[in-house]
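Visitor: I am new to this structure. Please show me how to read it, feature by feature.

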Amino acid sequence: YGQMLMTLMEHENLSPKDMDGVIFSSVVPAINFTIEHMLTYYLEKKPMIVGPGIKTGLNIRLDDPRELGADMICDAVSAYRRYGGPCIVMDFGTATTIMAVTEKGEFLGGAICPGVKVALDALTQRAAKLPNIELEFPNRAIGRNTVNCMQAGLLYGYVGQVEYLIANFKREMECPEAKVIVTGGMSREIAKMAPSIQIVDSLLTLEGLRLIYNNNI
């Protein structure tokens, strides 16, 4: 990891001396020790880690705020600070996470569901005759071959899930005007098909890290 980081920095003509500070977030606890010590060793700075006790600027209204994933924290902070509230934030990653933030910066909670690639992997592994496919929207919802049928079911079904969750979030928040901001893999493709999505921000999580760092120095 350290060699990879140094190679990337070298490509941008950067050195550890150019760094004012370091922050990282992780939802893979087993690797946190390695990443923390790699950053300390190669950049000679102890990294800030997104987790319990860090100042986010949000009021976390969960039963146990310690359960909130670091990626969700970064996304919510970034969306609220950059676009204001009320807002609904969606991150299309390995898991799709949906978060609700009020106008006053209250993190109300959210929902977690399998990402579309996870759904595809489960389908191909559990159904012996179904092939692995490219995740591309077909021209029609009614497929005429196996590949198109799978694409339609996975992707149009996914859009339906997204639209249904957004509608219910707005109803429960009592905020039909809540902005919908999305990030992560396939966010642009999903946004083209989901009329409720207003903003696509591919740097949402990274901007959240920067904002949280500045909030804690």
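Guide: Start with burial. Of the 217 residues of the protein chain, 42% count as buried. Buried means under 20% relative accessible area, exposed over 50%, and partly exposed in between, with a 1.4 Å probe and protein chains only. This is a predicted model, where local features need pLDDT of at least 70, side-chain atom pairs count only at pLDDT 80 or more, and totals for chains, interfaces and linings use all residues. Residues are numbered from 1 along each chain as its sequence is written, and side-chain values use heavy atoms, leaving out hydrogens and water.

Visitor: How many helices and strands does the protein chain have?

Guide: Both are DSSP runs, numbered from the N terminus: helices are H or I with at least four residues, strands are E with at least two. The protein chain has seven helices and eight strands. Its C-alpha atoms fill a box of roughly 60 × 45 × 30 Å along the principal axes.

Visitor: Which residues of H2 are buried?

Guide: They are Ile35, Glu36, Met38, Leu39 and Leu43. Look down the axis of H2: the buried residues fall within an arc of 165°, so they line one face of the helix. That arc is taken from the directions from the helix axis to the C-beta atoms. The face of H2 turned away from the buried side carries exposed Ala30, Phe33 and Tyr41.

Visitor: How many salt bridges does the structure hold?

Guide: A salt bridge is a side-chain nitrogen of Lys or Arg within 4 Å of a carboxyl oxygen of Asp or Glu. The structure holds six. One of them joins arginine 61 to glutamate 106, with the closest N and O atoms 2.8 Å apart. This pair links distant parts of the chain, 45 residues apart. Arginine 61 sits in the loop between strand S3 (59–60) and helix H3 (70–83), while glutamate 106 is in strand S6 (residues 106–114). Arginine 61 is partly exposed, because its relative accessible area is 46%.

Visitor: Which residue forms a salt bridge with aspartate 64?

Guide: Arginine 66 does, at 3.0 Å from N to O. Aspartate 64 has 23% relative accessibility, so it counts as partly exposed. Arginine 66 is exposed, at 64%. Another salt bridge pairs arginine 171 with glutamate 172, at 3.9 Å. Arginine 171 and glutamate 172 are both exposed.

Visitor: Where is asparagine 168, and what does its side chain reach?

Guide: Asparagine 168 is in helix H5 (residues 146–173). Its side chain reaches the backbone oxygen of tyrosine 164 at 2.9 Å. Is asparagine 168 buried or exposed? At 16% relative accessibility, it counts as buried.

Visitor: What separates the C-alpha atoms of phenylalanine 24 and valine 50?

Guide: Phenylalanine 24 and valine 50 are 26 residues apart along the chain, and their C-alpha atoms are separated by 6.4 Å. Phenylalanine 24 belongs to strand S1 (residues 23–24). Its relative accessible area is 8%, so phenylalanine 24 is buried.

Visitor: Where does leucine 8 lie, and is it buried or exposed?

Guide: Leucine 8 lies in helix H1 (residues 2–11). Its relative accessible area is 55%, so leucine 8 is exposed.

Terms used
A polar contact is a pair of N or O atoms within 3.5 Å; within protein, one must be able to donate a hydrogen and the other to accept it, and residues adjacent in sequence count only if both atoms are side-chain atoms.
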